[in-house]
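Me: Hi, I'm new to this one and would like a walk through it. Can you keep it plain?

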Amino acid sequence: LAMNDTAPPGASLATPDQPAMPAPASGAQRLTSLDFTRGIAVLGILAANIAAFGHPVNAAFWPGAFLTAHDRLSDLLWAAQFVLIDGKMRGLFTLLFGAGLVLFVTRKDAAAGDGTELQVRRLMWLLVFGMAHFFLLWRGDILTLYAACGFIGLAAIGWRPKKLLLVAGLAYLIGTLLLSLMLGSMALMEAGGLPGGGESTNELTKAVNELIKDGRAEQAIILDGNWFQYVAH
């Protein structure tokens, strides 16, 4: 094929002395693939939140918060969902959120020079919707967290790759440690208590029982109460 201005996006371009190579995708194609992947992630988030819709929110992170009896198989299915769906879809959606943020800022900057200001306004509105969602509809809201992290991501635009990898790696390790301590302590308690037992186990048992009690109270309001009672709770 001879290279010319009429070659369709994605067509192979070649010369007699050079093998055919796929041409770069157009901007429109990139956005279409981004939106398609985002759609898959959103549908996956629905599956990830199923446990929290039918049980207290804490059931999404700890099967001990289930309101119904569950056996070994149920626990294994919960673990599979948590690792293969919840973690993967939430991670994918987070990456797409960051990619969309960068694309918006850089394109607006190139067009009008006000991309950062517009993105700040978008994040502020996301924060407003997230707070309303949290206080008025569901405590499992994540929009507020996305808005807060969006401001951090906005400040990181323009960082060198080495700095990005270093900061992101440290944040990942710290988050993994904190989450492991929180969920691991619950697992140890169910297995017979924390190492050393005593006051630490008693305090954790009390905190966990309060979580379960609160979840049951909230679920009762959802089933038999009204919206005003739910917001008050």
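Me: Which residues make up the largest nonpolar core?

Reply: In this predicted model, the largest nonpolar core consists of ten residues: Ala59, Trp62, Ala65, Phe66, Trp78, Phe82, Leu183, Met186, Leu204 and Val208.

Me: And which elements give two or more residues to that core?

Reply: Helix 2, helix 5 (161-191) and helix 6 each do.

Me: Let's take one core member. What does phenylalanine 82 touch, leaving out residues up to four places away in sequence?

Reply: Phenylalanine 82 touches Ala60, Phe61, Gly87 and Leu183. Leu183 is also a member of the largest nonpolar core.

Me: Which residues are in the other core, the one that lies apart?

Reply: That other core has six residues, and among them are Ala60, Trp138, Ile221 and Tyr230.

Me: OK, a step back. What's the mean pLDDT of the protein?

Reply: The mean is 80, and 79% of the residues reach 70 or more. Residues 1-14 have a pLDDT below 50. In the model, that stretch has 23 contacts beyond near neighbours in sequence.

Me: Switching to charges. How many salt bridges does the structure hold?

Reply: Four. One of them joins the side chains of arginine 38 and aspartate 35, at 2.6 Å from N to O.

Me: Why are arginine 38 and aspartate 35 separated by about one helical turn?

Reply: Because they are three residues apart in helix 1 (residues 27-54).

Me: What about arginine 90, which side chain does it meet in a salt bridge?

Reply: Arginine 90 meets aspartate 86, at 2.8 Å from N to O. Both sit in helix 2 (residues 72-111), four residues apart, which is about one turn of the helix.

Me: And is aspartate 86 buried or exposed?

Reply: Aspartate 86 has 5% relative accessibility, so it counts as buried. Arginine 90, at 23%, counts as partly exposed.

Me: Which salt bridge involves glutamate 218?

Reply: Glutamate 218 meets arginine 139 through their side chains, at 2.7 Å from N to O. This pair links distant parts of the chain, 79 residues apart. Glutamate 218 is in helix 6 (residues 198-224), while arginine 139 is in the loop between helix 3 (115-136) and helix 4 (143-156).

Me: Buried or exposed, for glutamate 218?

Reply: Buried, since its relative accessibility is 6%. Arginine 139 is partly exposed, with a relative accessible area of 35%.

Me: New topic, rings. How many aromatic pairs are there?

Reply: The structure holds seven. One of them is phenylalanine 53 with tryptophan 138, a tilted pair with 5.1 Å centre to centre and 55 degrees between the planes.

Me: Where do phenylalanine 53 and tryptophan 138 sit?

Reply: Phenylalanine 53 is in helix 1 and tryptophan 138 is in the loop between helix 3 and helix 4. They are 85 residues apart, and the pair links distant parts of the chain. Phenylalanine 53 is partly exposed, with a relative accessible area of 45%. Tryptophan 138 is buried, with a relative accessible area of 17%.

Me: Is tyrosine 146 buried or exposed?

Reply: Tyrosine 146 counts as buried, at 10% relative accessibility. Phenylalanine 97 counts as partly exposed, at 24%.

Me: Which residues do ring pairs link into a cluster?

Reply: Phe93, Phe97 and Tyr146.

Me: Last one: which ring does the charged end of arginine 122 sit over?

Reply: The ring of phenylalanine 104, 4.0 Å from its centre. Likewise, the charged end of lysine 163 sits over the ring of tryptophan 159, 4.2 Å from its centre.

Definitions and conventions:
Residues numbered from 1 in each chain as written. Heavy atoms only, no water. pLDDT = per-residue confidence, 0-100. Contact = heavy atoms within 4.5 Å. Buried < 20%, exposed > 50% of the residue type's maximum accessible area, 1.4 Å probe, protein only. Core = buried A, V, L, I, M, F, W, Y, C linked by side-chain atoms within 4.5 Å. Phe/Tyr/Trp six-rings, centres within 6.5 Å; stacked < 30°, edge-to-face > 60°. Lys NZ or Arg CZ within 6 Å of the ring centre and 35° of its normal.
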